[in-house]
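Got a minute to look over a fold before you load it into your own tools? Here's a quick briefing to read alongside the coordinates.

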Amino acid sequence: MTVKALIFDFDGLLMDTETTLLESWRWEWRRHGLELDPQGFFADHGGDANGPRYAALAAAVGPAYERESSHALRMAYRAELNAALEPAPGIVEWLDRAAELGLRLAVASSSPVGHVGTMLDRAGLRTRFEVLATGEEVVAHKPDPAVYLVALERLGLPAEEAIAFEDTAHGVAAAHAAGLRCVAVPNPYADRARFTAADLLLASAADLTLDAVLAKLTRRAAVSLMRRVTDHG
């Protein structure tokens with residue numbers, strides 16, 4: 001079936017906000033004279049994981065810890081880091097080519113629209129996307145497919161006519177649960193060994209042109225169809 005739309009995750013894929021998130025937390029721990037252990041920092045789900053992170057910092061600091069001021073200072077520092085971010089390598093080229101091919105574009109993110117929309121506006125990307133589906137609109141976050149289903153509903157397309165792009169294993173799981181094929185471009189903190197389910201795995205969006213990505217997915221779909229026909233022959 002013809003591909004008519006591309007649906008992108010936001011954090012860690014369109015822009016490397018995963019690094020600014022981690023660095024803001026490292027900065028906040030160091031402000032208290034401590035070092036953050038990054039082991040297990042990134043959750044295996046979408047949505048807000050900061051509750052346990054603040055609890056861990058509070059336990060390390062002790063009674064003197066003030067969460068409200070800690071949060072305000074960390075967010076201000078992260079905003080400074082985010083302000084300097086550019087789109088990830090290869091992303092703008094993909095979006096340019098998608099426009100030339102007449103493909104519709106959407107974002108499906110577990111993050112809130114205030115974060116996603118602000119970052120896209122700052123990077124000059126917001127007008128590229130016809131649809132934004134974000135975390136506050138759904139009850140369950142990735143690996144639950146809810147946010148992808150919202151994006152598909154707004155596009156008015158079946159999953160077979162769209163392709164998802166993700167940077168995490170739980171994002172790939174969410175895309176597949178929504179019936180989408182999924183291209184994985186792991187963020188710097190993701191374990192590439194966990195992306196075996198992805199329909200295509202890339203180190204960077206700059207590795208292949210969008211045409212090459214679509215061609216590879218088409219060939220894979222054709223091979224899969226032939227195998228199913230043979231198995232049932």
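What follows is a short tour of a predicted model, starting with the strands and moving on to the rings and one proline.

**Strands and the crossover**

- On one side, β2 is joined by 4 bridges to strand β1 (residues 5-8), and the two run parallel. If you want a residue pair to look for, A5 has R104 as its bridge partner in β2.
- β2 also connects to β3, through 3 bridges and again in parallel fashion. Here V107 stands opposite L132 of β3.
- To get from β2 to β3, the chain passes through helix α5 (residues 113-122), making a β-α-β crossover that is right-handed.

**Aromatic rings**

- There are 7 aromatic pairs in the structure.
- W27 and Y77 make a stacked pair, with 4.6 Å centre to centre and 10° between the planes. This pair links distant parts of the chain, 50 residues apart: W27 belongs to helix α1 (residues 17-31), Y77 to helix α3 (residues 67-83).
- F42 and Y189 are another stacked pair, at 4.9 Å centre to centre with 20° between the planes. F42 sits in the loop between α1 and α2 (50-61), and Y189 in the loop between β5 (181-184) and β6 (200-201), so this pair ties together parts 147 residues apart in sequence.
- F42 comes out as partly exposed because its relative accessibility is 24%; Y189 is partly exposed as well, with 34%.
- F8, W94, F129 and F165 gather into one aromatic cluster.
- For a charge over a ring, check R53: its charged end sits over the ring of F41, 4.1 Å from the ring centre.

**Around P145**

- You'll find P145 in the loop between β3 (131-133) and α6 (146-155).
- Its relative accessibility is 18%, and the cut-off for buried is under 20%, so P145 counts as buried.
- Which residues does P145 touch, leaving aside those up to four places away in sequence? They are A174, A177 and A178.
- The C-alpha atoms of P145 and A173 are separated by 7.9 Å, although the two residues are 28 residues apart along the chain.

Note on methods:
Residues numbered from 1 in each chain as written. Predicted model: local features only at pLDDT ≥ 70, side-chain atom pairs only at ≥ 80, totals over all residues. Heavy atoms only, no water. Buried < 20%, exposed > 50% of the residue type's maximum accessible area, 1.4 Å probe, protein only. Contact = heavy atoms within 4.5 Å. Pairing = 2+ DSSP bridges. Right-handed = clockwise from strand over helix to strand, strands pointing away. Phe/Tyr/Trp six-rings, centres within 6.5 Å; stacked < 30°, edge-to-face > 60°. Lys NZ or Arg CZ within 6 Å of the ring centre and 35° of its normal.
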